[in-house]
Amino acid sequence: MTTPCIICVAITGSLPTKSNNPAVPITVAEQIESTHAAFEAGASIAHCHVRDDQGQPTSDPDRFAALKAGIESHCPGMIVQLSTGGRSGAGNARGGMLPLSPDMASLSVGSNNFPTRVYENPPDLVDWLAGEMIAHEVKPEIEAFDLSHIFQAAKMHADGRIKDRPYVQFVMGVKNAMPVDREVFDFYIHTVKRLFGADAPWCAAGIGSHQLTINDWAISSGGHARTGLEDNVRLDRDRLAPSNAALVERAVELCAKYDRPVATWQQARQILGLRDAA
């Protein structure tokens, strides 16, 4: 298999803390340093959240701007993907960073259960976020926590609310949402190809101990892979991950196992149809 594999590193997220793993980067400076090491290890997309001075998740556009600028300076060409996730803010505040015109942003097109709450993505908010992404030339990454989210992305693409062919990421292993199930995973792939074309790129993320399993399934099946401390803070049951770069290196090893070249940032931009690097 010769299709280059895009590795996305989710560097921080909204939940992990240094008490979970001291390697979790919290400040903007720490995130830039951690992203640079992951970029050097083979990641071509940085999926980004930011924290406030107390280490709590926030959608503060100024902090996103500082992080974006730092990554662009220290990781030239790397794709910057900002999160519009619901743990960092409410309502339109979730899209307050989109006028920064990052290369990409996450877009959840439907609601689902999370471990202790409902992850609410009401239709009017989804439409507003999608519209902001079109206005500021930001490519959405569709975070599919359920099969229905893939069909909703197809509907939004058909009626123009998503401009380009959707890039879908399967998220599996979140408690109370979609479990890690190989038959479901394979059906997700079949559905993406049926709705968006046989050559449509897709990605997958596994949460917690499922990260390595989903990396393996995605890379061996011709998709792209997400890793990083946002989703998983451990190498295995007995060892914490020493860095985001270590988790990227593990994905790179899987690429070698399955004869997949690791996508350069130039190849990743071409595969995803993104504009040239700033």
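Me: Is serine 59 buried or exposed?
Reply: Serine 59 counts as buried, because its relative accessibility is 9%. Buried is under 20% relative accessible area, exposed over 50%, partly exposed in between, with a 1.4 Å probe and protein chains only.

Me: And what does serine 59 touch, leaving aside its neighbours within four places in sequence?
Reply: Phe64, Ser88, Gly89, Ala93, Arg94 and Met97. Contact here is heavy atoms within 4.5 Å.

Me: What kind of model and numbering is this?
Reply: It's a predicted model: local features need pLDDT of at least 70, side-chain atom pairs count only at pLDDT 80 or more, and totals for chains, interfaces and linings use all residues. Residues are numbered from 1 along each chain as its sequence is written, and side-chain values use heavy atoms, with hydrogens and water left out.

Me: OK, on to strand 10. How many of its residues are buried?
Reply: Six of the six, residues 167-172, so strand 10 is largely enclosed by the rest of the structure. Strands (E, at least two residues) and helices (H or I, at least four) are DSSP runs, numbered from the N terminus.

Me: Which residues sit on each face?
Reply: Tyr167, Gln169 and Val171 are on one side, Val168, Phe170 and Met172 on the other, and all are buried.

Me: How does strand 9 run relative to strand 10, parallel or antiparallel?
Reply: Parallel, with four bridges joining strand 9 (residues 139-144) to strand 10. Pairing takes at least two DSSP bridges between two strands. Glutamate 143 has glutamine 169 as its bridge partner in strand 10.

Me: What about strand 11?
Reply: Strand 11 (residues 202-206) pairs with strand 10 in the parallel sense, over five bridges. Valine 168 has tryptophan 202 as its bridge partner there.
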